[in-house]
Amino acid sequence: MGLKTREQYIESLRDGRVTYWDGERIDDITTHPRFRVPIEVAAQDYVNARGARSKIHSYTTDEGVAAHRVFQIPRTEEDLDARVELMHEMSIVGGVTGVMMALMSVKDAVAEVNPKYAENIERLYRYVRDNDLRAAEVITDPKGDRSKRAHEQEDPDLYVRIVKRTDEGIVVRGAKLHITAASLVHELVVMPTKGMRQDETDYAVSFSVPVNAPGVKIINRSFAPAELNAFDYPSSAHHSMPEGFVIFDDVFVPWDRVFLAGEVRLASVLAQSLGLWERTGGLVGSVASSKLFVGLAALVSEFQGKERDAHVQSMLAELICYHEMLKMGLDYALRHPERSPSGMIYPNILAVNSAKYYYAVNYHNAVRNLQDLAGGLVVTLPEEKDLRNPETGKYIRKYLSTKPNVDVETRMRVYNFIRDYTADAYGGWHLVVALQAGGGLAAQRLMMNRTFDMASARKMALAAAGAIPRHADEQKHAAE
Ligand SMILES: Cc1cc2nc3c(=O)[nH]c(=O)nc-3n(C[C@H](O)[C@H](O)[C@H](O)COP(=O)(O)OP(=O)(O)OC[C@H]3O[C@@H](n4cnc5c(N)ncnc54)[C@H](O)[C@@H]3O)c2cc1C
C-alpha cells in the first residue's frame, strides 16, 4: 500500500497479461525491447512521486497516506491548479489514469440510480489509489456500420455488450479501439462509447477489470519504431507509447466491479464524464506545444537570418496568438470551475470544450506556419550516422552552415525535432491526435451547443432587432 517504487511498478507488469506487438505474443513486456521506452515513460511518474518532484506528483490522502496526485479529487481552485501543474509533467500513462476522476465525478448521478454501483466506483477508486495503480480509459467501440445502432449491427459484438448475467457477475464480449497505454496499466476502466436506448440495455455497460483478466487480449501499435536514435528522433525516442486494440473475449466481471449493467439512462452520463478530463488534458498539452511552436519558429528564422522579414514576423505573430488564446482558454476554465453535488470541483465545461476545439481546428494551420518557415530540410536533412562519418560529415557541416554564431549540430537537432514532432513518427500521430483524442470535433461541438447559454443569446438578438425591449426598465415602461 502507498506509493510504489519504479521497480515495483515494473515488476507489477509481469502478471500474465496477454499482449501482442508486431505479430508476436509477448509474455513478459518488462524484458521486451518494444516496451523499453514506454515502460520508462510510465515509470518516471513513480520516480517523480517519491523523488525531488514529489511536491507536484504526490499528496496526502484524508487518511494521512502519501498517494500519487493523479488521485487527488479537486475540492478547491488550488487543487485544480495543482492538478494542471501535474498534467504538465505527468506521462500519458498518468494522464489516462485521470479516468478515475471521470468515474468519481459521476458517482452522485450513479448513486441515484443504483447506490451499489456508486459504492463499486468508490471501492475501485480507493483500491487503485492506495495501491498506486494505473488505469486506462476504455471507451471507443469499433461501431461497425455507423448508420445502425449497437443492437442493429450485423455482428452484435461491434459494441461491447453483456452476453451473460449470473448471481456472481456479468460476462462481456466486444472490443475497444485506440486505447492509450492499455498494456502499461493495471486496470481497464470500460464505459459506453455513447448514450444507449431502451432496446440496447446489454450495451449500456461499464465496469473495470485487471489487464490480466482471463479473456482480455491487447494488440499494440505505436507511432514509434522499436529502436529510435534520439538525435534523429528527439521526440519519438522519448515518448513512444502504444495504443491498444483491446479485445474482451467473454470476460467475467464480478458484480462488485460493475458500474452499469443495463440502466440505459446512465450510459451517456458515463460516456460524457470522460470527455471533460480528456479534453482538459489535451488543452494543457496544447498550451505547452503551442509555445514550443513559437520557439521553434523563432529559432529556424534566426538560423537563416530571416527573423526581421515582414512575412516571418506575421507568421510568428499568428503562432503567438494561437498560444495565447489557448493559455487564456485554459486559465478561464480553471478560474470559472464547476462543482458536483458532493463538492468535487472541475474545469468549466464550455470553456474546456471551446478551447480544446480551437486547439484542434487550428493545429494543422500552426504546423503549416512552422513548416513553411523551416523549409524543405524538415524532411530531407541527412541522418546522424552521415554527420558522424568523416567522409560525408565535412560536407554536411560546410553546406548547412548559415552564419558564424549558428552551430550546425544545433541547427540539425532543431530541424530533426520539427520533423519528428510535426511531420514524421510522433508528428503524424500528433496530427490525428489533435483532432480525435478526447472525442472528435463533433463531440466538442455537441458539448458547446449543449452548455452555451442560448436563451440569453437569443434574447440579446431579439432586443438588438427591436423585437423585445433591451432592459427590464424598458419592459416596465412599455407595459405602462
Ligand atoms: C492516438 C489516439 C489515442 C486515443 N486514445 C483513446 C483512449 O485511450 N481511449 C478511448 O476510449 N479512445 C481513445 N481514442 C479514440 C478517440 O476518442 C476516437 O478516435 C474519437 O472519439 C473518434 O472516434 P472514431 O475514431 O471511432 O471515429 P468516428 O467517430 O467514426 O469519427 C470519424 C468521423 O465520423 C463522424 N461520425 C461520428 N459519429 C458518427 C455517426 N454516428 N454516424 C456517422 N458518422 C459519424 C465524425 O464526425 C467523424 O467525422 C484515441 C484516438 C487516437 C487517435
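Author: Happy to. Let's begin with a helix pair: α12 (residues 349-374) and α16 (residues 408-423) pack at an angle of about 150 degrees, with their axes 11 Å apart. Helices here are DSSP runs of H or I with at least four residues, strands are E runs of at least two, and both are numbered from the N terminus. Axes are lines fitted to C-alpha atoms, for helices over the stretch in contact, and angles run from 0 to 180 degrees between N-to-C directions.

Reader: Why is α12 called roughly antiparallel to α16?

Author: Because their angle is about 150 degrees and angles over 145 count as roughly antiparallel (under 35 is roughly parallel, 65 to 115 roughly perpendicular, the rest oblique), α12 is roughly antiparallel to α16. Before we go further, this is a predicted model, in which local features need pLDDT of at least 70 and side-chain atom pairs count only at pLDDT 80 or more, while totals for chains, interfaces and linings use all residues. Residues are numbered from 1 along each chain as its sequence is written.

Reader: Which residues of α12 and α16 meet?

Author: Val367, Leu370, Gln371 and Ala374 in α12 meet Tyr415, Ile418, Thr422 and Ala423 in α16; contact requires C-beta atoms, placed from the backbone, to lie within 7 Å. By class, this contact of α12 with α16 has six nonpolar, two polar and no charged residues. Nonpolar covers Ala, Val, Leu, Ile, Met, Phe, Trp, Tyr, Cys and Pro; Asp, Glu, Lys and Arg are charged; the others, Gly among them, are polar.

Reader: What makes α12 and α17 roughly antiparallel?

Author: α12 and α17 pack at an angle of about 150 degrees, with their axes 8 Å apart, and are therefore roughly antiparallel to each other. On the α12 side, the contact is made by Tyr359, Ala360, Tyr363 and His364, and on the α17 side by Leu431, Ala434 and Leu435. The residues of this contact divide into six nonpolar, one polar and no charged.

Reader: Why are β5 and β12 said to stand at the edges?

Author: Four strands form an open sheet in the order β5-β8-β9-β12, with mixed pairing. β5 and β12 (258-261) each have a single partner strand, so one side of each is left without a neighbour in the sheet.

Reader: How do you know that β9 and β12 pair?

Author: Two strands pair if DSSP finds at least two bridges between them. Strand β9 (residues 205-210) and β12 have three bridges, in the antiparallel sense, so they meet the definition of a pair. In β12, Leu260 is the bridge partner of Ser206.

Reader: What is the strand order in the sheet of six strands?

Author: That open sheet runs β2-β1-β10-β11-β7-β6, with mixed pairing. Its edge strands are β2 (24-26) and β6 (161-165). β7 is joined to β11 (residues 243-254) by nine bridges, and the two run antiparallel. β6 and β7 pair in the antiparallel sense over four bridges and form a hairpin with three residues between them.

Reader: Which residues come nearest to the ligand?

Author: Ile139, Thr140, Arg146, His178 and Thr180 come nearest, out of the 19 residues around the ligand; a residue is near when its C-beta atom, placed from the backbone, lies within 6 Å. Four residues of that shell come from β7, the largest share. By class, the shell holds eight nonpolar, six polar and five charged residues.

Note on methods
Contact = placed C-beta atoms within 7 Å.
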